[in-house]
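Hello,

I am passing on a structure that you have not worked with before.

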Amino acid sequence: MTVGLSVPKSWDEVTPDWMTAALAMDFPDAVVDTVTVAMVGKYMDLRDAYLSVTEALRHGGIANGCEVCIKYVDSEKHVEKDGAACHLTDVSGILVPGGFGDRGIEGKIEAIRYARGNGIPYLGLCLGLQTATMEFARN
């Protein structure tokens, strides 16, 4: 039985894009820039909850010769209590990942308002996009 997958016999058969990514991971000196992205959610104590988003950000940075530092900000414990400015002044972008329920929503909306009001790039995934719509409708 054959599966239909071919395994490269040499490095010459590996695609150039894959080689570039592999070399970037092996030689971090090739990093040109560093950016900090705030991930604002309610499960920040459990980093595995957002592992796929974390890895997507890291690999996006690798593809662009950039180190992505992720600042995990709890929307309920920090943003709702202290305000967004206390936690988001030093970031280059803000990401609100998906989630369920209404706990922490007001902190997410506050973070989105801060991003929109200060010209900070924002990405909302699933519930993060829905909360962006809520913030826009309110303000």
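Below are some notes on the salt bridges.

Please keep in mind that this is a predicted model: local features need pLDDT of at least 70, side-chain atom pairs count only at pLDDT 80 or more, and totals for chains, interfaces and linings use all residues. Residues are numbered from 1 along each chain as its sequence is written, and side-chain values use heavy atoms, with hydrogens and water left out.

Searching the whole structure turns up seven salt bridges (a side-chain nitrogen of Lys or Arg within 4 Å of a carboxyl oxygen of Asp or Glu). Here are some of them.

One joins aspartate 45 to lysine 77, at 2.5 Å from N to O. Aspartate 45 sits in the loop between strand 1 (33-41) and helix 2 (51-63), and lysine 77 in helix 3 (residues 75-82), so this pair ties together parts 32 residues apart in sequence. Helices (H or I, at least four residues) and strands (E, at least two) are DSSP runs, numbered from the N terminus. Aspartate 45 is exposed at 66% relative accessibility, while lysine 77 is partly exposed at 40%. For these words, buried means under 20% relative accessible area, exposed over 50%, and partly exposed in between (1.4 Å probe, protein chains only).

Within helix 2, arginine 58 and glutamate 55 are three residues apart, about one turn of the helix, and their closest N and O atoms are 2.6 Å apart.

Finally, arginine 116 meets glutamate 135 at 2.8 Å, N to O. This pair links helix 5 (residues 105-118) with helix 6 (residues 127-138). Arginine 116 is partly exposed at 41%, but glutamate 135 is buried at 1%.

Best wishes
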